Amino acid sequence: MHRYFFAFFCLLSSQLVAQIKNPEYKQVLDSLYQNTVPLITIDEFSTIDKYNLHILDTREEDEFKVSHIKNARHVGNFWFDMRKVYDIPVNSTIVVYCSVGIRSEKIGEKLIDAGYKNVLNLYGGIFEWVNQGNPVYKQNGVQTAEIHTYNKNWDRWAERGTKVN
């Protein structure tokens, strides 16, 4: 069953072109991804079954504190430790994300190597999430317009929201 789930998302990856509104951003993403973790678009994410879904933010803590996707668990990247996900059953659906999807792909690889069956990388990361008008939240649960843009080189891809870095 899990193989079919992944095959379905792998087949859909060719349709991701229509999901990214900025063709230049899409070109950058496609050149950076190694395609080692199946991708999920923002549209697909919004329709995914939320039962047994775990959203993992793989950015650093200062980025997470500025804003994150609702119900996301901060697991970090540089100091990532599998003990941060020990309580997630291996058959759960896990969506990982970061600013654009590069760091989350690396954490997704570690999760797959550890035996997690349904790991998906959010295509375009939190930048595309915000670019498409989806809400982000501060650590206290209050919705915000702020988005941490990692650094000045990457902030051009965050087209909406109040940029913080």
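These are my notebook entries on a predicted model.

**Sheet**

I started with the strands. I found an open sheet of five strands, ordered β1-β5-β4-β2-β3. The pairing is parallel. I then looked up which strands sit at the edges. They are β1 and β3 (72–74), and each pairs on one side only.

I checked how β2 meets β3. The two run parallel, and three bridges join them. I also looked up the partner of Asp57. Its bridge partner in β3 is His74.

**Helix α5**

Next I turned to α5. This helix covers residues 102–113, 12 residues in total. I took its span from first C-alpha to last and got 17 Å. That is close to the 16 Å expected at 1.5 Å a residue.

Which residues of α5 are buried? I noted Arg103, Ser104, Glu105, Ile107, Gly108 and Leu111.

I then asked what the buried residues of α5 pack against. Three strands came up: β2 (53–57), β4 (93–97) and β5 (118–122). Two helices did as well: α2 (23–32) and α4 (61–66).

I also looked just past the helix. Gly115 follows α5, and its phi is positive, near 105°.

**Aromatic pairs**

I counted four aromatic pairs in the structure. I wrote up two of them, starting with Tyr33 and Tyr123. Their ring centres lie 5.6 Å apart. Their planes meet at 55°, so I logged the pair as tilted; edge-to-face would need over 60 degrees.

Where do the two tyrosines sit? Tyr33 is in the loop between α2 and β1 (39–40). Tyr123 is in the loop between β5 and α6 (125–131). The pair therefore ties together parts that are 90 residues apart in sequence.

I checked burial for both against the cut-off of under 20% relative accessible area. Tyr33 has 5% relative accessibility, so it counts as buried. Tyr123 has 1%, so it counts as buried too.

The other pair I wrote up is Phe78 with Trp79. The ring centres are 5.0 Å apart. The planes stand at 90°, so the pair is edge-to-face.

**Charge over a ring**

Last, I looked up Lys50. Its charged end sits over the ring of Phe45. The distance to the ring centre is 5.1 Å.

Note on methods: Residues are numbered from 1 along each chain as its sequence is written. This is a predicted model: local features need pLDDT of at least 70, side-chain atom pairs count only at pLDDT 80 or more; totals for chains, interfaces and linings use all residues. Side-chain values use heavy atoms; hydrogens and water are left out. Helices (H or I, at least four residues) and strands (E, at least two) are DSSP runs, numbered from the N terminus. The expected span of a helix is 1.5 Å times one less than its number of residues. Buried means under 20% relative accessible area, exposed over 50%, partly exposed in between (1.4 Å probe, protein chains only). Contact means heavy atoms within 4.5 Å. Rings of Phe, Tyr and Trp (its six-membered ring) pair if their centres lie within 6.5 Å; planes under 30 degrees apart count as stacked, over 60 as edge-to-face and the rest as tilted. A charge sits over a ring if NZ of Lys or CZ of Arg is within 6 Å of the ring centre and within 35 degrees of the ring normal. Two strands pair if DSSP finds at least two bridges between them.
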